[in-house]
Amino acid sequence: MHQFLFLLFGAFCVGGALNLLIQKKTINSALSLIVVMGSLALLYLLLGAEFVAVVQVIIYAGAIMVLYIFVIMLLNAGQEEQEEAAKGSNVAKIFGIPGLFAGGFIGIWVLLKHSPADKGTGFRIGELYGPASDVGMMLFTKYLLAFEVTSILVLIAIMGAVVLARRSQNL
Amino acid sequence: MSALTFLIVAVIKIAVTLGVLLTVVAYTVWLERKVVGRMQNRWGPSRVGPFGLLQPLADGIKFLLKEDLTPPYVEKNIYLLAPGLALIMALTSIAMVPIGPIIHLFGISTPVQITGVVDASGQASDINVGILIVLGITSLGVYGIALAGWSSNSKYSLLGSLRASAQMVSYEVSLGLSLVGVLLMSSTLSLSGIVHAQLGHWHGIPQWFLFRGQFVAFFIYMMAAFAETNRIPFDLPEAETELVAGYHTEYSAMKFAMFFMAEYANMVTVACIASVMFLGGWSGPSLPFLPAAVQAFLPLIWFSSKIFFFLFLYIWIRGTLPRFRYDQLMAFGWKFLFPLALANVVVTAFFVAIRA
């Protein structure tokens, strides 16, 4: 069951990511990015990291992507991108996409052949136990420095955004 | 419990809850028209059936039989996707809500909650991060409205959906923060765990978080919830004097009805979460003088009366208050509710730390 769900949502994830690149309209790309975020959250859930999964949905799908869509709606972007593709890019499409797939498959096959199968380093599906209390404990003990540095980084980003917005207003 | 029994019980629970929810949604519309009618000194619906009770049925038939227009120049796929998205997101979150305690029927015991199960020790348990899932689904509900307005290719719809998404994203912050105090006090994210933390009495007063110092949080939650569900006094996304009908201007027949149902289902969900977080969910004073047959249903009666109270409050406020201006709405959300919610989190954390 876990295996099946993993393959299903993994396929959704990759499919959404490919669709994101293929789609010509910006809004469709944004929507496929939401699909990617959602299936990533479900993959986290399969690993047992329920808190991270839900936070992924709330923050990425619920907040950040809403702002993306907001910007697309406001700017009505994507209408200028409708021009004909050049000849070179068509050639690249015909040869590049199958080549990419073949390369990817060969790469995965080689990796699977040569990977040390039972080193016992990775988590098996459904094994990772990640309730909110564990995540909180780890954030405030083991990874405290990284956590605080990230918060300072976010603060700098917010201040930078404020400064940029101010300057454009004064001009 | 075997896998097959689990599946059957789950399907029955989903069917019953969904049926009840949709009936409540239909009759909330009736109640709203009736109560607002009386508040404005008129009768409200009174023609279809006694007291107009069959009005929701008549409305439903009308929505089904009306012509389903799709205007030209809309983004067709997204235009068709949006109402479904809005309705699904509105209906899904009810799965997390603990409606009642464990019931025993035909030798099977299960809590009255779609995602709830009875664990090995005989206690009701549910998803560990239930409240976060509800918040996540609520935040996804914005897409239905945002995409509906954008894909309609109409100025009124676009303005309505821009207003709606800005408003919902802004008030979600205060909404989430107002719940943090309760989560700190109950030290769990599971909704049935939160209900269990509020069982019992203290000198006859129920141990609800509303009476244990979270009344500021309750006030913030209610304000933010009114904004989240686009209700008066925060119904700017569908302000009919300015925007015709806001984001669903271009929708007709059943697609319009789906937005309508989504709005009322969201109201019910918000009321459920409010009663679970602040009013003890299905818990309530025990009334020992009632006969045993009524006693068994007492938790459900308490829960539904709390929901009724909230729905009536919605209607009452709709009949009382005028609409905010948009800058007032944003200033109220960011400059008043948000700092107040942060202060509430700090004060609650302080008291929880002292007690611990």
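## Helices and confidence

Helices here are DSSP runs of H or I with at least four residues, numbered from the N terminus. One of them is helix α12 of chain B, residues 326-355, and B:Val347 is found in this helix.

The model is predicted. Its scores are ipTM 0.75 and pTM 0.82. For chain B, the average pLDDT is 84, and 99% of the residues score at least 70. Among the elements of chain B, α7(B) has the highest mean pLDDT, at 89. The lowest, 72, belongs to helix α8 of chain B, residues 240-243.

## Where the chains meet

How many residues does the contact take from each chain? Chain A gives 15 residues and chain B gives 17 residues. On the side of chain A that touches chain B, helix α3 of chain A (residues 50-75) gives the most, with twelve residues. That side of chain A divides by class into 13 nonpolar residues, one polar and one charged.

## Helices α3 and α4 of chain B

Within chain B, helix α3 (residues 76-92) packs against helix α4 (residues 130-151). Their axes lie 8 Å apart, at an angle of about 155 degrees. Angles over 145 degrees count as roughly antiparallel, so α3(B) and α4(B) fall in that class. Their crossing is left-handed.

From α3(B), the residues making the contact include B:Ile78, B:Leu81, B:Leu85 and B:Met89. From α4(B), they include B:Ile137, B:Leu140, B:Tyr143 and B:Leu147. By class, this contact has 15 nonpolar and four polar residues, with no charged ones.

## Helices α7 and α9 of chain B

Another pair in chain B is helix α7 (residues 215-228) and helix α9 (residues 253-278). Their axes come within 11 Å and cross at roughly 170 degrees. α7(B) and α9(B) are therefore roughly antiparallel to each other.

Which residues meet here? In α7(B) they are B:Phe218, B:Tyr221, B:Met222, B:Ala225 and B:Glu228. In α9(B) they are B:Val270, B:Ala274 and B:Phe278. The contact has seven nonpolar residues, no polar ones and one charged.

## A closer look at B:Val347

Back to α12 of chain B, which holds B:Val347. Is B:Val347 buried, exposed or partly exposed? A residue is buried with 20 or more other C-beta atoms within 10 Å of its own, and exposed with 12 or fewer. B:Val347 has 14 within 10 Å, so B:Val347 is partly exposed.

B:Val347 and B:Gly181 are 166 residues apart in sequence. In space, they are 8.7 Å apart, C-alpha to C-alpha.

Key
Residues are numbered from 1 along each chain as its sequence is written. Chains are lettered from A and ligands numbered from 1 in the order in which they are written. This is a predicted model: local features need pLDDT of at least 70, side-chain atom pairs count only at pLDDT 80 or more; totals for chains, interfaces and linings use all residues. Two residues are in contact if their C-beta atoms, placed from the backbone, lie within 7 Å. Helices (H or I, at least four residues) and strands (E, at least two) are DSSP runs, numbered from the N terminus. Ala, Val, Leu, Ile, Met, Phe, Trp, Tyr, Cys and Pro count as nonpolar, Asp, Glu, Lys and Arg as charged, and the others, Gly among them, as polar. Axes are lines fitted to C-alpha atoms, for helices over the stretch in contact, and angles run from 0 to 180 degrees between N-to-C directions. Angles under 35 degrees count as roughly parallel, over 145 as roughly antiparallel, 65 to 115 as roughly perpendicular and the rest as oblique. A crossing is left-handed if the near helix is turned anticlockwise from the far one by less than a right angle, and right-handed if clockwise. pLDDT is the predictor's confidence in each residue, from 0 to 100.
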